[in-house]
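Here are my notes on this one, point by point. Have the model open while you read.

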Amino acid sequence: MFCCVVVSFVVGYLVCLVMPDLRRRAFAAYMDYFTKAIDPMYETFKKEVFGPIKDIKSKIPELQKKHAIRILEIGVGTGTNFQFYPEGCHLVVVDPNPHFKKYYDANRAKFPQIKSEEIIVAGGENMDMVADNSIDVVVISLVLCSVNSTQQILQQVRRVLVPGGKLFFVEHIGEWDTKKHNFKKMFQDIFTYLRIWPYLFDGCELTRDTLKELEQAGFSKLNAKRKYAPIEHSFFQILNPHVVGNATK
Ligand SMILES: C[S@@+](CC[C@H](N)C(=O)[O-])C[C@H]1O[C@@H](n2cnc3c(N)ncnc32)[C@H](O)[C@@H]1O
């Protein structure tokens, strides 16, 4: 496993040097590979956070009649969260990397009960095509580590959510328990400040304080906690801890 990771890094690095668009294509391909390895570890963790989505009732009259809700997933990638979405929901997805589409479509085909409304190729900072007050639930998982502006995205989330609508999130953040995990914190700092990790993983930074950003975003209610995911492999420990929970508009 460790050898696979090292080989992927080296190949990815060389590809990035030669052609920038190949870098995004390569990122989509190795995310598809990595998520197959990581996802089983995240399953129970995500279930706890995203489980309540199935109980949400729409505040949009036309969807209420159909007993459906409208979900927006920002940074959908290969589409690892379909299993948490209720039957008949309407799904809008946003992602700036068009090379995820074929992996997304393959995963999406396994969940025919979800109605895809729109796939938008854009960053979450610029979602003007999503109308104000039109979304019941926004989902963001493992995305805010690599966006240009977390605050701009959270303001967009507040704009598109219906009043009382909810944002559900699972995000990895910088280690805060520096007494217990100072070695890991050191690696997170080195890989991020030398730009090695962001270069290989499409801008992903290991040091972000997303909890602080959520606290500053102006949601009416924030239910967030720092939590370690049950990640067994020592290499992936660098992605722990996380901030998980939900916020209400
Ligand atoms: C690590 S992947 C996570 C994918 C998926 N959410 C998951 O949990 O498996 C990060 C995703 O965020 C997307 N992304 C990067 N910058 C973004 C931005 N500014 N706005 C929205 N999505 C972004 C990437 O293209 C990629 O699909």
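1. Which residues does the UniProt annotation "domain: Methyltransferase type" cover? According to the unreviewed entry, residues 72-169. UniProt positions follow the numbering used here, feature names are shortened, and annotations may be inferred rather than shown by experiment.

2. Some housekeeping. This is a predicted model, where local features need pLDDT of at least 70, side-chain atom pairs count only at pLDDT 80 or more, and totals for chains, interfaces and linings use all residues. Residues are numbered from 1 along each chain as its sequence is written, and side-chain values use heavy atoms, with hydrogens and water left out.

3. Over residues 72-169 the chain is 31% strand and 19% helix, with the end C-alpha atoms 12 Å apart. Helices (H or I, at least four residues) and strands (E, at least two) are DSSP runs, numbered from the N terminus.

4. Now the polar contacts (N or O pairs within 3.5 Å). The side chain of T80 has an N or O atom 2.9 Å from a ligand oxygen. Ligand nitrogen is 2.8 Å from a polar backbone atom of G124, and a polar side-chain atom of E125 lies 2.9 Å from a nitrogen atom of the ligand. Taken alone the ligand exposes 590 Å², and the protein buries 93% of that (Shrake-Rupley, 1.4 Å probe).

5. Two backbone spots to check. N240 and P241 are joined by a cis peptide bond, omega about 5°; P241 sits in the loop between β6 (221-227) and β7 (242-248). N133, a residue other than glycine, has a positive phi near 50°, and belongs to the loop between β3 (115-120) and β4 (135-141).

Key. Polar contact = N/O pair within 3.5 Å; in protein donor to acceptor, adjacent residues only side chain to side chain.
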